[in-house]
Amino acid sequence: MNIIIIGNGITGITCARNIRKKNSDATITVISEESKHFYSRTALMYIYMGHMKYENTKPYEDWFWSKNRINLIQATVKHLNTDNKSIQLDDSRILNYDKLVLATGSIPNNFGFPGEDLNGVQALYNLQDLAKMEKNTINISSAVIIGGGLIGIEMAEMLHSRNISVTMLIRENAYWANVLPQEEAQLIGNHLHKHGITLKFNTELKEIQSIDQLSVHSVVTKQNETIDCQFLGITTGVKPNINFLKNSSIEIEKGILVNEFLETNIPDIFAAGDCAQFRFAKTGEAPIEQLWYTGKMQGETLANTICGNKTTYDRGIWFNSAKFFDLEFQTYGKVLPEITHEQESFYWAHENGKISFRANYNRSDRSIIGFNFIGIRFRQVIAEQWIREQKEIEYVIDNLKQGWFDPEFSDAHDKKIAKSFSSNPIN
Amino acid sequence: MQDHSLSIAKPTEGLLSQKIGTSLIAAALLCAIIAAFGQGETQSVLFFWLIIVFIFAGGIIFSIPYFKAIPGIKNNGIMHSPATNRGGIAWGIGILMTGFYIILYWFPNYLEGLIRTMDPLSIILRNKTSDQWFLYGTLYTLAVLVMGIRFIGKYRSNRYQVLRTLSVMFFQLGFAFLIPAFLLKLNQPEFYFSYFWPLKYSYLFPNDIDYLIQSGNIGVFMVFWGLIMTFIATPILTYNYGKRWYCSWVCGCGALAETLGDPYRQNSDKSLKAWKVERWMVHSVLVFVALTTALLWLNSWKNGTILGDASGLFSQCYGFLIGSVFSGVIGTGFYPIMGSRVWCRFGCPMAAILGLFQRFKSKFRITTNGAQCISCGNCSTYCEMGIDVRAYAQKGENIVRASCVGCGICSAVCPRGVLNLENLAEDGRFESYRRQEDK
Ligand SMILES: Cc1cc2nc3c(=O)[nH]c(=O)nc-3n(C[C@H](O)[C@H](O)[C@H](O)COP(=O)(O)OP(=O)(O)OC[C@H]3O[C@@H](n4cnc5c(N)ncnc54)[C@H](O)[C@@H]3O)c2cc1C
Ligand code: SF4
Ligand code: SF4
């Protein structure tokens with residue numbers, strides 16, 4: 001069996017590794033344009049900040065690939081020919097496959113703002129962007145970032161580490177308020193402010209200005225405020241990277257359409273990770289998942305299917321994590337920015353403004369739905385188990401200590417949380 | 001509402017204090033050189049104070065920005081700076097430290113002037129004039145204290161880090177510096193209650209034991225202490241807490257590595273090859289010291305009839321190769337290039353024994369939190385023992401490794417809260433996380 005995987009991100013590589021684990025004969029080739037070896041995209045910010053070098057972000061040593069007989073080709077795939085099962089690379093080489101995995105990831109959204117091509121205006125997705133950012137931020141003093149999401153805040157921290165003053169333009173009324181409940185959004189906003197980041201809420205970009213027509217000089221917001229900057233970070237989300245498939249017979253919409261087995265409309269062609277779009281997403285689940293974790297799970301599931309054990313993708317109980325400057329964030333289950341009528345939400349925050357806890361539960365049977373933790377590390381197994389077993393909120397609050405994962409000697413806040421819970425009239 | 005009264009931090013505000021701090025340390029170095037050239041002999045008190053005050057003041061001023069910043073570990077710029085990323089400054093410091101060890105061990109006469117500057121302190125503490133080892137002990141302790149303060153500033157958001165650093169500072173100052181000095185003052189054997197065989201190999205050599213027993217009740221207690229610590233306390237503590245109880249909370253070598261060596265922890269080699277070399281080396285040293293000890297006892301039991309002087313030669317060899325060259329010159333001098341725990345990782349026989357316990361019979365492990373790892377690599381990068389922590393974490397596996405000294409830095413720097421040092425029931429240490437959906 002000759003398997004070609006396009007994309008050496010977490011999805012493609014997880015798939016390749018798991019195929020090799022199950023099948024020692026298959027020929028496995030991974031083609032990717034960005035870098036020869038798999039590296040951790042999530043660590044891009046740490047390279048810029050000098051915590052790590054590129055080398056440190058590679059999860060496997062370079063000998064790993066030949067030892068596991070995974071062929072690596074650094075090239076761009078230009079065309080896919082589904083009729084004779086072949087792909088064409090940018091150097092005109094044509095390769096045949098028996099099975100093809102599309103794991104091409106994302107590209108940054110752009111909205112065609114006038115001035116988007118000026119020097120100093122950029123997004124952050126890959127190593128090339130990072131190199132550009134390195135160049136764009138030499139000897140500059142101020143930057144503006146549009147978009148209040150996860151990559152935006154990472155960019156803010158990156159720039160801040162080089163003493164560049166940062167203003168973030170955020171469309172919502174608080175940081176990441178389309179995902180986080182108000183309290184958490186504000187807590188994080190305050191923390192950013194303490195670090196010297198200026199946040200402008202309910203603000204959108206109107207215009208990018210330049211004096212020399214070469215590089216960005218300032219931006220104008222919809223409120224007609226002008227902000228000087230020599231760098232403009234655009235972090236308004238990503239979309240599937242599928243341009244090279246536009247003229248192929250693969251069915252695409254926003255992403256590559258797949259069923260629950262990650263199969264596309266063409267036999268023997270699969271898609272997974274950031275670039276895939278589920279035809280029939282379950283209610284409450286997004287059709288396109290753009291996360292490290294989901295890419296990894298999809299890659300693993302797909303390896304099963306390719307090796308003959310047809311497996312449905314099941315993302316299981318939702319979880320995610322992030323870090324906002326010094327604040328660690330973990331979430332388990334479904335915590336919506338605003339609860340529904342059937343739900344209740346209990347929130348507790350430490351007076352130091354850096355730690356908070358939220359538990360959402362069903363009003364009727366008091367079963368737990370999900371958690372948000374800021375500044376608290378919590379055991380995934382415990383959180384998942386409680387959500388799966390629909391434990392009552394009272395049980396959860398009484399047993400919080402079981403899930404505590406903070407380093408030894410840290411203050412545990414379970415008692416304070418329990419006290420606050422029992423003294424809260426609505427509970 | 002945003003709270004506008006809060007202070008707004010700038011990351012490079014600390015630049016000035018770091019410049020002043022480094023300049024003062026350089027001044028201390030200059031004074032030390034002048035003293036070594038002879039001035040120390042004529043003006044020992046002056047140079048003593050100059051050196052001590054410059055080092056302390058420099059270190060503390062250097063550390064101020066860490067305490068002023070918002071708590072949270074920042075490794076900004078470490079891979080960019082020539083001081084920490086094996087650049088010119090790092091090589092310079094490495095050569096300076098290596099050179100200092102070579103002079104100290106084999107050409108102490110060049111340091112005569114510097115040794116004399118320590119006389120005032122030596123006389124107060126030990127009632128005798130200073131020698132090269134007292135000079136070394138004083139500088140060593142100073143380094144642990146001053147760099148310990150820096151460490152606490154940098155990692156102060158994490159209480160485990162603060163407490164274990166206070167602990168090594170305490171043991172270094174009290175058990176490895178003041179108490180041995182006072183013992184000398186009281187005409188008792190100079191004994192380090194915080195070092196045991198096989199790290200302090202001679203404590204179970206027949207000569208040392210004879211000598212201690214002959215020097216009276218305290219000496220007998222010391223022999224007893226050494227035996228209890230090596231054969232009873234060590235296994236029990238390691239079973240319950242892992243080797244960290246010693247390596248990261250008590251040991252003086254660990255103390256220097258964690259404080260003076262902290263800026264270099266990222267330079268340890270994480271490759272599989274390095275791990276292979278490490279296992280061979282560290283266990284060979286253990287065999288070497290065990291063999292040496294056994295031979296010495298055999299020889300003394302047979303009154304020197306079997307081996308004659310050969311066993312003495314063996315122990316001299318060990319002392320030279322391992323005790324001096326490895327633990328001192330390479331172990332510390334190479335910090336800036338090979339990472340802070342060169343000795344602990346490749347050479348320390350104590351670490352080897354503790355590691356065997358930790359790997360095969362201990363409640364200690366680093367737990368990986370489910371599937372939360374994003375493979376970023378911070379943990380592996382900042383593991384001073386060169387453990388590829390990420391390799392385990394990204395598979396949802398716990399980390400159970402002989403060499404882990406339990407410094408807790410991997411857990412502290414992980415941006416996703418994935419790792420936690422724990423002592424839990426022994427079974428289940430190796431269990432890894434599987435999603436319910438995949439079972
Ligand atoms: C800065 C940043 C931080 C992030 N942090 C987090 C986080 O903390 N947690 C989290 O869950 N997620 C995070 N994400 C999202 C996460 O990194 C992505 O969801 C994940 O990397 C997607 O993996 P993938 O394998 O599907 O695609 P990718 O990692 O994008 O890999 C696809 C690869 O395919 C290559 N490719 C595409 N088209 C072609 C072609 N035609 N020919 C050849 N090669 C091609 C691309 O060059 C790319 O290297 C972050 C993303 C960014 C940008
Ligand atoms: S694995 Fe973690 S705790 Fe162990 S030595 Fe390495 S960094 Fe320290
Ligand atoms: S630091 Fe944390 S998230 Fe990063 S690789 Fe290590 S365990 Fe994973």
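This is a predicted model: local features need pLDDT of at least 70, side-chain atom pairs count only at pLDDT 80 or more; totals for chains, interfaces and linings use all residues.
1. Local features need pLDDT of at least 70 and side-chain atom pairs count only at pLDDT 80 or more, whereas totals for chains, interfaces and linings use all residues. Residues are numbered from 1 along each chain as its sequence is written, chains are lettered from A and ligands numbered from 1 in the order in which they are written, and side-chain values use heavy atoms, with hydrogens and water left out.

2. Arg244(B) counts as buried because its relative accessibility is 3%, where buried means under 20% relative accessible area with a 1.4 Å probe and protein chains only. Leaving aside neighbours within four places in sequence, Arg244(B) is in contact (heavy atoms within 4.5 Å) with residues including Glu408(A), Val405(B) and Gly406(B).

3. Val405(B) and Gly406(B) are also among the residues around ligand 2, that is, with a heavy atom within 4 Å of it.

4. For the interface as a whole, 65 residues of chain A are in contact with 64 residues of chain B. The two chains bury about 5,300 Å² between them, 44% of it on carbon and sulfur atoms, buried area being the accessible area (1.4 Å probe) lost on being put together, summed over both parts. In chain A, His193(A), Phe405(A) and Glu408(A) lose the most area to chain B, together 13% of what that side buries.

Conventions: Buried means under 20% relative accessible area, exposed over 50%, partly exposed in between (1.4 Å probe, protein chains only).
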